[in-house]
Every structure is written in C-alpha cells, then in structure tokens.
Amino acid sequence: MGAATRIAGKDLKLRVRDRSAFIMGIVTPLALAYIFHLVFGGTFSEEALDLEVGWVDLDDTQVSQSLGDALSGLEAEGVLVVTEFEDAAAAEASVEDGDIGAYILLNQGLGDAAIQGQPFTIEVVGDVDSQTTTQVTSAIASEFGSAIARSQLSVTTA
C-alpha cells in the first residue's frame with residue numbers, strides 16, 4: 001500500500017503544478033454545466049409542458065362525452081388544461097388569441113356512426129406556433145378514434 005500511496009502523491013503533485021488539471025478538473029465541468037443549463041433550462045421541470053387544449057362537442061352523445069371524461073382525467077392528473085367550447089368559432093378564436101394551442105372538434109353524427117360501425121372523423125385544429133400542443137392533442141384524438149374503431153371491430157366480430 002505504501003508504493004501505491006507514493007505514486008498517487010507524486011501524480012497529484014504533478015497535476016497540481018500543471019494548469020491543465022485546474023482547467024480539466026474545475027473550469028471545464030462548470031462551463032459544461034452552464035451550457036447545459038442554457039440549452040435544457042426548464043425542460044425537465046414539472047411545468048415544462050404547458051399544454052392548454054380545448055374541445056368542441058357538437059355530437060353530445062355518450063360516445064363523444066367519453067372523450068370529455070378522458071380529457072378531464074388528464075386535466076386532473078395535471079397533464080393538460082382543458083377548456084370546453086360551445087362551437088367551433090369560439091374555439092378557433094381562442095386558438096388565434098393564443099389562449100389554447102389546439103382543440104378537438106367532434107362533429108354531429110359521431111356517436112351514431114360509431115354505434116353503427118360507420119366511418120367517422122375527429123378534427124384537430126392547432127396553432128402553428130404550438131406544435132407540441134397540436135401533436136399531443138392529435139395523439140389524444142387519434143387514440144380516442146382508435147379506441148372507437150377497436151370497439152366497432154369487437155362488436156362486428158362478436
């Protein structure tokens with residue numbers, strides 16, 4: 001153990017005399033930490049995703065209300081802030097004003113089409129400056145549509 005301690009002490013003395021140890025051991029890590037802070041600042045904080053979405057239910061059936069229930073659940077978990085609108089014009093105005101990033105539009109006849117196994121559409125309208133919110137809203141609408149399609153398929157199969 002004595003030889004290893006002497007060798008480590010000799011290397012430590014050489015590194016302390018050399019300025020590269022100061023630069024590599026202290027300055028470089030601090031500079032990298034500052035750069036990472038600038039680049040990734042609030043990315044990993046709880047408030048990193050400020051997703052404000054809306055939805056318009058022109059169908060007002062049990063099928064369309066299930067999307068509202070799902071959105072309410074996401075809002076309760078703190079994932080989204082959800083606003084329900086009476087019509088598409090109010091939701092569109094809210095997107096243009098920057099109050100919400102995107103909204104889901106459920107047109108009349110969605111519930112009947114879902115029950116009868118007919119094709120249906122779910123529209124997502126988003127702000128071009130809120131790409132993340134628009135993509136998340138689109139994914140929610142797509143998953144909701146897929147769930148309806150899976151239900152239609154299971155009923156048809158049964």
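Predicted model: local features only at pLDDT ≥ 70, side-chain atom pairs only at ≥ 80, totals over all residues.
1. R150 is partly exposed, because its relative accessibility is 48%; the class lies between buried (under 20% relative accessible area) and exposed (over 50%), using a 1.4 Å probe and protein chains only. R150 forms a salt bridge with E143, and their closest N and O atoms are 3.0 Å apart. A salt bridge here is a side-chain nitrogen of Lys or Arg within 4 Å of a carboxyl oxygen of Asp or Glu.

2. Residues are numbered from 1 along each chain as its sequence is written, and side-chain values use heavy atoms, with hydrogens and water left out.

3. How many salt bridges does a search of the whole structure find? The search finds two. Besides the pair at R150 and E143, D11 forms a salt bridge with K10, with 3.4 Å between the closest N and O atoms. D11 has a relative accessible area of 37% and so is partly exposed; K10, at 47%, counts as partly exposed. In general, side chains of opposite charge can pair when their charged atoms come close.

4. D57 is a charged residue without such a partner. D57 lies in strand β1; helices (H or I, at least four residues) and strands (E, at least two) are DSSP runs, numbered from the N terminus. D57 is buried and has no salt bridge. The nearest side chain of opposite charge is R150, 19 Å away; Lys and Arg count as positive and Asp and Glu as negative, with His and the chain ends not counted.

5. What does the side chain of D57 reach at 3.1 Å? It reaches the backbone nitrogen of D59. The side chain of D57 also makes a polar contact with the side chain of Q65, at 2.8 Å. A polar contact is a pair of N or O atoms within 3.5 Å; within protein, one must be able to donate a hydrogen and the other to accept it, and residues adjacent in sequence count only if both atoms are side-chain atoms. Leaving aside neighbours within four places in sequence, D57 is in contact (heavy atoms within 4.5 Å) with S64, Q65, F85 and L106.

6. The loop between β1 and α3 holds D60. D60 is exposed, because its relative accessibility is 57%. Its phi is near 55°, a positive value in a residue other than glycine. Most residues other than glycine have a negative phi.

7. Helix α6 covers residues 131–157, 27 residues in total. At 1.5 Å a residue the helix should span 39 Å, and its end C-alpha atoms are 38 Å apart, which agrees; the expected span is 1.5 Å times one less than the number of residues. Among the buried residues of α6 are T133, I140, F144 and I148. The buried residues of this helix pack against β1, α3, β3, α5 and β4.

8. T134 lies in helix α6 and is buried, because its relative accessible area is 18%. V136 is also placed in α6, but at 28% relative accessibility V136 counts as partly exposed. Not counting residues up to four places away in sequence, T134 touches G101, A102, V124, G126 and D127, while V136 touches L51 and L80.

9. The largest nonpolar core has 17 residues. Such a core is a set of buried Ala, Val, Leu, Ile, Met, Phe, Trp, Tyr and Cys residues joined through side-chain atoms within 4.5 Å. Which element gives the largest share of this core? Helix α6 does, with four residues. L67, one of the residues with the most contacts inside the core, is in contact with I104, L106, I140 and F144, leaving aside its neighbours within four places in sequence. Apart from this core lies another, of seven residues, including F85 and V95.

10. Y103 lies in strand β3 and counts as buried, because its relative accessibility is 3%. The side chain of Y103 makes a polar contact with the side chain of E92, at 3.2 Å. Leaving aside neighbours within four places in sequence, the residues in contact with Y103 include W55, A88, V95, V125 and T137.
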